[in-house]
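I opened my notebook to look around a protein structure.

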Amino acid sequence: MESRPATAPDQVTSMDTEQLRRRFLVEDLFRTGEVRLTYTHEDRLVVGGVAGTAGLPCPDQLRSEYFLERRELGVVNIGGPGAVTVDGARHDLASREVLYVGRGARQVSFDGRFYLVSTPAHTSHPTVKATLDDAEPVRLGSADGSNERTIYKFIHLKGIQSCQLVLGVTVLEPGSMWNTMPCHTHERRTEVYFYFDLPEADRIVHLMGRPDATRNLIVAPEQAVISPYWSVHCGFGTRSYAFVWAMGGENQAYDDMEPVAIGELR
Ligand SMILES: O=C(O)C(=O)C[C@H](O)C(=O)CO
Ligand SMILES: [Zn+2]
């Protein structure tokens, strides 16, 4: 498992493109037959990817007997039909469906293409599957803002219960390119965006950094961006796309965010 340090906002000022990418962009998430994991010290989130058939390992860095001994896990199916087996119970997942796996599950294995996010957990919540129909859809944006999109909340205060993980999927309408504009920061949480369902040749221009000192990352399909508490997170695609947003930290209130007016961005 790759491990990344936390970053203070003033460190970003002197980072060049490669340094920014190495610290905040998670590029290589999928290799057939593997679960690939990246640990960030920003709120101790772990993000990962699975392609094909593989079991969830327990990397040394966790110093635990099994991965979910003190953690919880969100799994999003970003491919065709797939399955996740948790301690012998098989959960079939269609595209864009989500499985929450609670603390204490000892054996987790995958068959399909999945994006994973894990946060530390203090107690055990039941393992639950959710479809897009179970998620709470919120339509946002407008055609003339090029940001018509639907936010599906899966793991949140009024949805699947968790210790600290909050997770959802946002789907852009055809012809809409902008996500999360006007943007925001989260003083009390870290957020990770994972972009998918974007054609291979297209890219997302993701804006990060303090609102008054933004930087950009050019993101390929199926890559993730780590947003510390001080960083805006928003972007536009060269074509329509979907993304998974996931947070961990002090609370689980979706709307606990510091809005940034478009005119304040620098
Ligand atoms: O399109 C959006 O706007 C989002 O999906 C915003 C995310 O849900 C988010 O950043 C939550 O904190
Ligand atoms: Zn956010």
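Here are my entries, in the order I looked things up.

**Entry 1: the kind of model.** I noted at the start that this is a predicted model.

Entry 2: I traced an open sheet of 7 strands, and its order reads 2-19-16-21-13-12-11. The pairing in this sheet is antiparallel. As a reminder to myself, strands of a sheet pair through backbone hydrogen bonds, either parallel or antiparallel.

Which strands sit at the edges? I found strand 2 (25-26) and strand 11 (136-140), each of which pairs on one side only.

**Entry 3: one pair of strands.** I then picked out strand 13, residues 166-172, and strand 21, residues 242-249. They run antiparallel to each other and are joined over 6 bridges.

**Entry 4: the nonpolar cores.** Next I looked for nonpolar side chains packed together. In soluble globular proteins, nonpolar side chains tend to be buried together.

The largest nonpolar core here has 30 residues. Which of them touch the most other members? They are Tyr115, Phe154, Ile155, Leu167, Phe194 and Val244. I listed the strands that each supply at least two residues of this core: strands 4, 8, 9, 12, 13, 16, 19 and 21. Another core, of 22 residues, lies apart from it, and its members include Leu62, Leu99, Val101 and Phe114.

**Entry 5: the neighbours of Val244.** I went back to Val244 and left out residues up to four places away in sequence. Among the residues Val244 touches are Val76, Tyr115, Leu167, Val192 and Phe194.

**Entry 6: the largest pocket.** I found that the largest pocket has a volume of about 310 Å³. Its lining is made of 24 residues, and Leu140, Arg149, Ile151, His184 and Tyr254 lie nearest its centre. Strands 11, 12, 16 and 21 each give at least two residues to this lining. Sorting the lining by class, I got 14 nonpolar, 7 polar and 3 charged residues.

**Entry 7: the second largest pocket.** This one holds about 190 Å³ of space. It is lined by 13 residues, with Glu2, Arg4, Glu27, Asp28 and Thr38 closest to its centre. Strand 1 (2-4), helix 2 (17-24), strand 2 and strand 3 (34-40) each give two or more residues to the lining. How many of its lining residues are charged? I noted 8 charged residues, along with 4 nonpolar and 1 polar.

Definitions and conventions
Residues are numbered from 1 along each chain as its sequence is written. Chains are lettered from A and ligands numbered from 1 in the order in which they are written. This is a predicted model: local features need pLDDT of at least 70, side-chain atom pairs count only at pLDDT 80 or more; totals for chains, interfaces and linings use all residues. Side-chain values use heavy atoms; hydrogens and water are left out. Two strands pair if DSSP finds at least two bridges between them. Helices (H or I, at least four residues) and strands (E, at least two) are DSSP runs, numbered from the N terminus. A nonpolar core is a set of buried Ala, Val, Leu, Ile, Met, Phe, Trp, Tyr and Cys residues joined through side-chain atoms within 4.5 Å. Buried means under 20% relative accessible area, exposed over 50%, partly exposed in between (1.4 Å probe, protein chains only). Contact means heavy atoms within 4.5 Å. On a 1 Å grid over the protein atoms alone, a cavity is a set of points where a 1.4 Å probe fits but cannot get out, and a pocket is an open set with protein on both sides within 12 Å along at least five of seven lines; lining residues have an atom within 4 Å of a point. Grid points are joined across faces, edges and corners, and a volume is the space filled by probe spheres set on the points. Ala, Val, Leu, Ile, Met, Phe, Trp, Tyr, Cys and Pro count as nonpolar, Asp, Glu, Lys and Arg as charged, and the others, Gly among them, as polar.
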